[in-house]
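Hi,

Here is the structure I promised to pass on to you. Please have it open while you read my notes.

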Amino acid sequence: MPNAIETVDVNVPVTVAYNQWTKFEEFPKFLSFVESIMQVTDTLTEWKVKIGGVERTFEARITEQHPDERVAWNSTGGQVDHAGVVTFHKLAANETRVTVQLDWEATGLLEKAGAALGIDDHAIKKDLTNFKEFIEAKGTDDVGWRGDVQA
């Protein structure tokens, strides 16, 4: 199963970075492969993504969430099998390190080739750069979901 770990430092307080990340429906603004996300419940989301020109849908369940620290999830059904975690580390009052770890099951020749060549890692790194630019330009946050989830 391919996996990737990527990190970006953003020039906003940890609460601002975390709150933005919990607004799943805004992911298409900075994640290039995400077409849409609908938050069904506090812990269930429905995703539509486009990977290698192929549109796929799946559900993901939040398995762990602690404000200003981490959000972890697993896909629960649909056309994509993956799991991930994003962590938030306060570096300074206005600087936060965001680390994303993704594990997924590559299906089809194109996805397997992309995983072997590290194209997925590059895409994740690019999307984290997009997140950095997005959140730093925004500068402030609207309150995100601050609930605590422990599976």
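This is a predicted model: local features need pLDDT of at least 70, side-chain atom pairs count only at pLDDT 80 or more; totals for chains, interfaces and linings use all residues.

Let me begin with strand β3, which covers residues 44-51. On one side, β3 pairs with strand β2 (residues 34-39) in the antiparallel sense, over five bridges. The link from β2 to β3 is a hairpin of four residues.

The hairpin formed by β3 and β4 has two residues between the strands. In that turn you will find Gly52, with a positive phi of about 60°.

Now to a residue I looked at in some detail, Thr45 in strand β3. Is Thr45 buried or exposed? Its relative accessibility is 3%, and buried means under 20%, so Thr45 counts as buried. Leaving out residues up to four places away in sequence, Thr45 touches Phe24, Ile37, Met38, Gln39, Val40, Phe58, Glu59 and Ala60. The side chain of Thr45 also makes a polar contact, at 2.8 Å, with the side chain of Trp47. As for Glu25, it sits 20 residues from Thr45 along the chain, and the C-alpha atoms of the two are separated by 9.1 Å.

Trp47 brings us to the largest nonpolar core, which has 33 residues. Which of its members touch the most other members? They are Val10, Trp21, Phe27, Trp47, Val86, Phe88 and Val98. So that you can follow one of these in the viewer, take Val10. Setting aside neighbours within four places in sequence, Val10 is in contact with Ala17, Asn94, Glu95, Thr96, Val98, Phe131, Lys132, Ile135 and Glu136. Val98, in that list, is also among the core residues named above.

Happy browsing, and do write back with any questions.

Best wishes

Methods. Residues are numbered from 1 along each chain as its sequence is written. Side-chain values use heavy atoms; hydrogens and water are left out. A nonpolar core is a set of buried Ala, Val, Leu, Ile, Met, Phe, Trp, Tyr and Cys residues joined through side-chain atoms within 4.5 Å. Buried means under 20% relative accessible area, exposed over 50%, partly exposed in between (1.4 Å probe, protein chains only). Contact means heavy atoms within 4.5 Å. Two strands pair if DSSP finds at least two bridges between them. A polar contact is a pair of N or O atoms within 3.5 Å; within protein, one must be able to donate a hydrogen and the other to accept it, and residues adjacent in sequence count only if both atoms are side-chain atoms.
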